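The paragraphs below then lead through it step by step.

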Amino acid sequence: MKATKQLHEVESSGRDEHAPSLTHALTHTLDHSWLDEAHANRLFSQLQRSCTWHREEIVMYGRRISVPRLTAWFGDSGLSYRYSGLDHRAEGWPSNLAEIRTRLSEQFEQPFNFVLLNRYRDGQDYMGWHSDDEAGVRGGIASLSLGCARRFTTRLKPSALAPTSPAKPGPIQSMTLANGSLVFMPPGFQDKYLHALPKAPRLKPKSDANPQASFEDTRFASERINLTFRWLSGQR
Ligand SMILES: O=C(O)CCC(=O)C(=O)O
C-alpha cells in the first residue's frame, strides 16, 4: 500500500482493560487532504447536482423505516451490490469518479469496482453501527469525505475482544473527517471492527442557516457526501 500519510488520530472515549492498544485499534489510514480543497468543493457540487439520490426504505424488526440519509451508487456495468435487503445495480462510472477510482487503485494497489455514496443532508442524518462484511466484499474500502466535517467512529466487535472480556463492543475511537479527507479501512478491518457516522445535533439544518443562499456562499451548509470505494468479488 503506497499510503502518503499514515496518521492515527484518535480521541478515545474511555479506557477499557480489554481494549487493544491504539496502534492496533486504528490500523486504517487517514489523509486529511487527499483531495485539495478546490477539487473537493467542485466534486461535492457536481455530485450533489448530478446524482440520482435515493431515499431508501428498509425493514428492521418487522417495521419499514426510511434510511436516515440519501444514497447513490456507481460501478462496473451490471454489477449489483446487495445490502440491507436491497439490490444496488451499477451502470458504469462518470468520468469524475472514474478518475478518483484510478488514483485509489494505484495508491492502495487493489482494484475497486463499486462506489456507494451517502449524502447526509444535515446533522440529523447518520449511519448506525455496522460493518461492511457482506459476502462478496473483498479487500480494503477507501472512504472519501466531501463537504461538512463529521465525526467517524469505530469500535472493536465483541467477537474480536479477548475471550475473557464481556460480550460488549470495545471503546469508541473517533476521528473527524473533513472536506477532501480519505480514510482507508484495510482488508480484514470489517471482520473485527464496527463503524458509524453519529448524528451531529449542533449542525444546523440548511433551511435554518440561510434558505436563500447558494452552495457557493454557504459552503456546504451542513451537508456531507461520503464515497466508499469497494471491491465486490465474484462479479465482473
Ligand atoms: O459516511 C461515512 O463516513 C461512513 C459510511 C459508511 O459507514 C459506509 O458506507 O459503510
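A residue is called buried here if 20 or more other C-beta atoms lie within 10 Å of its own, exposed if 12 or fewer do, and partly exposed in between, with the C-beta atoms placed from the backbone. What you see is a predicted model, in which local features need pLDDT of at least 70 and side-chain atom pairs count only at pLDDT 80 or more, while totals for chains, interfaces and linings use all residues. Residues are numbered from 1 along each chain as its sequence is written. Helices (H or I, at least four residues) and strands (E, at least two) are DSSP runs, numbered from the N terminus.

Two strands are said to pair if DSSP finds at least two bridges between them. Strand 10 pairs with strand 15 (residues 224-232) in the antiparallel sense over eight bridges, and Leu146 has Ile225 in strand 15 as its bridge partner. Strand 10 is also joined to strand 13 (residues 182-185), again antiparallel, by four bridges, and here Ala142 stands opposite Phe184.

These pairings belong to an open sheet of six strands, in the order 2-13-10-15-8-5, with antiparallel pairing. Strand 2 (29-31) and strand 5 stand at the edges with a single partner strand each, so one side of each is left without a neighbour in the sheet. On average, neighbouring strands of this sheet are turned by 15° against each other, direction ignored; such axes are lines fitted to C-alpha atoms, for helices over the stretch in contact, and angles run from 0 to 180 degrees between N-to-C directions. Strand 2 pairs with strand 13 over three antiparallel bridges, and the bridge partner of Thr29 in strand 13 is Phe184.

Helix 3 lies across strand 5, strand 8, strand 10, strand 13 and strand 15, and runs at about 125° to strand 10.

A nonpolar core is a set of buried Ala, Val, Leu, Ile, Met, Phe, Trp, Tyr and Cys residues joined through C-beta atoms within 7 Å. The largest such core has 40 residues, of which Trp73, Val115 and Ala142 touch the most other members. Among the elements that each supply at least two residues of this core are helix 2 (37-50), helix 3 (95-108) and strand 10, while the largest share, five residues, comes from strand 8. Ala142 itself touches Leu104, Phe108, Phe112, Leu182, Phe184 and Phe229, not counting residues up to four places away in sequence.

Strand 11 (residues 150-156) is likewise mostly covered, with five of its seven residues buried. Five bridges join strand 11 to strand 12 (residues 173-177) in the antiparallel sense, and Arg150 has Leu177 as its bridge partner there.

Finally, which residues surround the ligand? Counting a residue as near if its C-beta atom, placed from the backbone, lies within 6 Å, they are Leu116, Asn118, Met127, Asp132, Ser143, Phe152, Leu177, His195, Leu197, Asn226 and Thr228. Strand 8 (114-120), strand 14 (193-197) and strand 15 each supply at least two residues of this shell.

How values were computed. Two residues are in contact if their C-beta atoms, placed from the backbone, lie within 7 Å.
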